[in-house]
Amino acid sequence: MAYRYLWTPLQLGPVTARNRIVFSAHLTNYARDGKPTAQHAAYYAARAAGGAGLIITEEHSTHPTDWPYEKLIHGFHRDVIPGYRAITEAVHRHRVPIFAQINHNGGQASSMYSRLPVWAPSAVADPLFREVPKAVTHAEIDEIIAGYALVAEHCAEGGFDGIELQCSHSSIVRGFLSQATNQRTDQYGGSIENRARLLTEIVAAVRKVIGNRLALGVRLCGDELIEGGTTIDDAVRVAQIAEATGQVDYINTSIGVATASLFMIEASMHIPPGYALFIPSAFRKAVDLPVVGVGRFKDPLQAERALAEGHCDLVGVVRGQIADPDFAAKARAGATDDIRLCLSCNQECVGRMGLNRWLGCIENPRTGREAEPRVAISAKPKRVLVVGAGPAGLQAAIAAARIGHQVTVGEKEAQAGGQVGLGAKAEQRLRPADVGYEAGDAAAFFAVIKAVDGSAGDEFHLVYQIVEIGFYAAADVDDLAVDIHGRCRRDSDKGRRIERSHRSGNHKEFRSRLGNPVTRNAAWSWWLVTSIR
Ligand SMILES: Cc1cc2nc3c(=O)[nH]c(=O)nc-3n(C[C@H](O)[C@H](O)[C@H](O)COP(=O)(O)O)c2cc1C
Ligand code: SF4
């Protein structure tokens with residue numbers, strides 16, 4: 001299928017998205033002490049370099065009462081501005097615009113970090129945090145609005161091209177919009193116009209601060225999927241109210257409530273791609289503003305189809321670009337099959353957020369480590385034996401070969417791939433590549449797995465039908481053996497050191513990650529091999 005729409009630029013107020021692929025907002029836990037870090041800059045820059053048309057950062061908190069998780073960016077402190085500049089400069093180097101998402105999580109929070117009362121429209125406890133919030137007074141509403149304006153000012157100073165108001169799945173604005181959480185009887189409760197009042201007041205305050213230089217977007221939830229919550233008809237009306245302000249440049253969409261129906265926000269592999277398209281579709285029929293559709297677009301052809309069928313104007317691809325930063329560039333270069341596909345497993349991205357760890361990806365060991373220097377070519381190439389040609393062993397072999405070692409991979413089965421073959425048979429993983437790795441990378445797993453009968457090319461040699469221990473003992477190698485179950489056996493000093501560290505803290509951290517041991521081991525093996533020098 002040829003791409004007709006995906007690469008066309010689109011105007012969002014004063015900003016041009018260079019194509020229709022948006023890296024939409026998502027938490028990363030890369031912040032330190034409430035401030036953005038060099039890892040943020042490197043992470044977003046990698047996606048800009050990889051061809052994204054527009055980047056929207058994770059949320060920045062707008063008020064001290066909003067601190068639901070430790071590593072949140074505190075946008076209300078001026079000391080975030082140098083970090084903002086580092087991010088925007090790194091992304092702009094690739095001529096990609098970047099917007100900041102700003103937010104107050106409202107009642108979807110606890111007072112654990114802030115030691116302040118949780119603020120919400122009404123005293124309705126959140127199902128996850130279970131803390132009864134304080135219904136905000138009019139003076140506190142004014143404070144919330146001022147907080148949004150202040151953070152927008154910081155973002156403008158930090159070089160962002162636009163602001164997105166998160167009013168969707170975890171937000172005080174969502175709390176006001178939803179009848180499930182807004183029980184007010186004043187001018188902020190009751191009718192949809194009243195419930196949307198906070199939203200329009202924030203829009204006006206932010207626009208006043210940013211003027212017409214920056215774009216302003218609103219992210220809305222199309223269906224909260226909770227009893228008594230917002231459904232598509234209400235959401236369409238809110239989109240119209242936002243448009244009627246005349247101050248909004250685009251509408252982003254979402255589905256579900258982060259603390260009640262999270263499973264639909266970041267849908268798993270069991271939910272079909274594009275499952276939430278009914279939301280942008282309905283918005284587009286009701287408003288003229290550009291609308292972003294989001295929801296498990298895992299390959300660019302699906303994104304193109306969503307545009308071609310008129311469901312949306314831009315497509316949010318979040319986990320797709322977490323797994324492969326070059327998602328867009330590969331598609332544009334005609335190498336769609338080389339994209340390292342997101343599995344929608346939620347193990348290292350969503351899963352790690354809840355564990356207070358930094359965002360990674362089981363498919364891509366580099367995700368979350370973009371700021372770390374790449375391992376240099378080894379000054380002293382070694383003969384390295386890797387025992388086991390499952391994903392862990394093969395990733396270890398690739399990494400070692402890339403830094404100049406001479407690698408032999410031993411596998412006692414008649415075919416490489418380990419549990420990948422088994423996983424590929426599961427429903428919803430229709431293509432082997434869905435469980436695996438980029439096919440076009442000469443040294444990557446699938447190239448190797450295809451070469452089942454012998455040499456796997458120049459970079460390393462794959463040996464089958466060996467008796468593992470005997471082969472290992474007899475092998476004439478300098479360093480390291482890794483087996484596919486993540487156990488490391490080696491009699492060199494270095495091997496022993498690695499084994500010890502594997503058994504200690506790193507091992508625990510490694511083991512405690514959620515999910516599939518096979519792919520988990522691939523990330524581990526990458527780390528392991530970077531320590532062979
Ligand atoms: C780890 C993670 C954290 C997220 N955090 C946010 C967030 O802070 N703000 C937001 O609007 N959406 C957030 N999202 C939702 C995404 O923007 C997007 O709607 C969702 O991932 C579905 O898109 P995808 O299937 O392309 O991943 C998050 C998603 C992930 C995976
Ligand atoms: S960890 Fe899983 S769901 Fe998350 S980006 Fe990677 S492959 Fe996708």
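Colleague: Which residues point one way from β9, and which the other way?

Modeller: G162, E164 and Q166 point one way from β9, while I163, L165 and C167 point the other way, and all are buried. Please keep in mind that this is a predicted model.

Colleague: Why is β9 called largely enclosed by the rest of the structure?

Modeller: Strand β9 covers residues 162–167, and six of its six residues are buried, so the strand is largely enclosed by the rest of the structure. A residue is called buried when 20 or more other C-beta atoms lie within 10 Å of its own.

Colleague: What makes β9 and β10 paired strands, and in which sense do they run?

Modeller: Pairing takes at least two bridges found by DSSP. Six bridges join β9 to strand β10, residues 215–221, and the two run parallel. As an example, L165 stands opposite V218 in β10.

Colleague: How many bridges link β6 and β9?

Modeller: There are four bridges between β6 and β9, again in the parallel sense. Here I102 has L165 in β9 as its bridge partner.

Colleague: Let us move on to β4. How do you know that β4 is mostly covered?

Modeller: We count its buried residues, and for β4 that gives eight of eight.

Colleague: Which strands pair with β4?

Modeller: Strand β3, residues 21–23, pairs with β4 in the parallel sense over two bridges, and V22 stands opposite L54 in β4. Strand β6, residues 98–103, also pairs with β4 in the parallel sense, over five bridges; there H60 stands opposite I102 in β6. Strand β5, residues 73–74, is parallel to β4 as well and pairs with it over two bridges, with H74 in β5 as the bridge partner of S61.

Colleague: Now the loop residues, please. Why does S114 count as partly exposed?

Modeller: S114 has 18 C-beta neighbours inside 10 Å. Buried would need 20 or more and exposed 12 or fewer, so with 18 S114 counts as partly exposed. The residue sits in the loop between β6 and β7, where β7 is 119–120.

Colleague: Is R115 buried or exposed, and what number decides it?

Modeller: R115 has 8 other C-beta atoms within 10 Å. The limit for exposed is 12 or fewer, so R115 is exposed. R115 also lies in the loop between β6 and β7.

Colleague: With which residues is S114 in contact, apart from its neighbours within four places in sequence?

Modeller: S114 is in contact with P64, T65 and W67. The C-alpha atoms of S114 and P68 are separated by 8.1 Å, although these residues are 46 apart along the chain. For R115 and T65, the C-alpha to C-alpha distance is 8.2 Å, at 50 residues apart in sequence.

Colleague: Which residues have the most contacts inside the largest nonpolar core?

Modeller: They are Y44, I55 and I163, in a core of 115 residues. Helix α3, residues 138–157, gives the most to this core, with nine residues. Apart from this core lies another one of 13 residues, including V384, A389, A397 and A399.

Colleague: What is Y44 in contact with, leaving aside its neighbours within four places in sequence?

Modeller: Y44 is in contact with I55, T57, I87, A90, V91 and I98. Contact here calls for C-beta atoms within 7 Å, so each of these residues meets that limit with Y44.

Colleague: Which residues come nearest to ligand 1?

Modeller: Of the 26 residues around ligand 1, S24, A25, H26, V318 and R319 come nearest. The elements giving two or more residues to this shell are β4 (54–61), α11 (319–323) and α13 (350–354). By class, the shell has eleven nonpolar, nine polar and six charged residues.

Colleague: How many residues surround ligand 2, and which are closest?

Modeller: 14 residues surround ligand 2, and R319, C342, C345, C349 and C361 are the closest. That shell divides into eight nonpolar, three polar and three charged residues.

Colleague: And what share of the protein chain is buried?

Modeller: Buried residues make up 52% of its 533 residues. The secondary structure of the chain comes to 21 helices and 16 strands.

Notes
Residues are numbered from 1 along each chain as its sequence is written. Chains are lettered from A and ligands numbered from 1 in the order in which they are written. This is a predicted model: local features need pLDDT of at least 70, side-chain atom pairs count only at pLDDT 80 or more; totals for chains, interfaces and linings use all residues. A residue is near a molecule or strand if its C-beta atom, placed from the backbone, lies within 6 Å of it. Ala, Val, Leu, Ile, Met, Phe, Trp, Tyr, Cys and Pro count as nonpolar, Asp, Glu, Lys and Arg as charged, and the others, Gly among them, as polar. A nonpolar core is a set of buried Ala, Val, Leu, Ile, Met, Phe, Trp, Tyr and Cys residues joined through C-beta atoms within 7 Å. Two residues are in contact if their C-beta atoms, placed from the backbone, lie within 7 Å.
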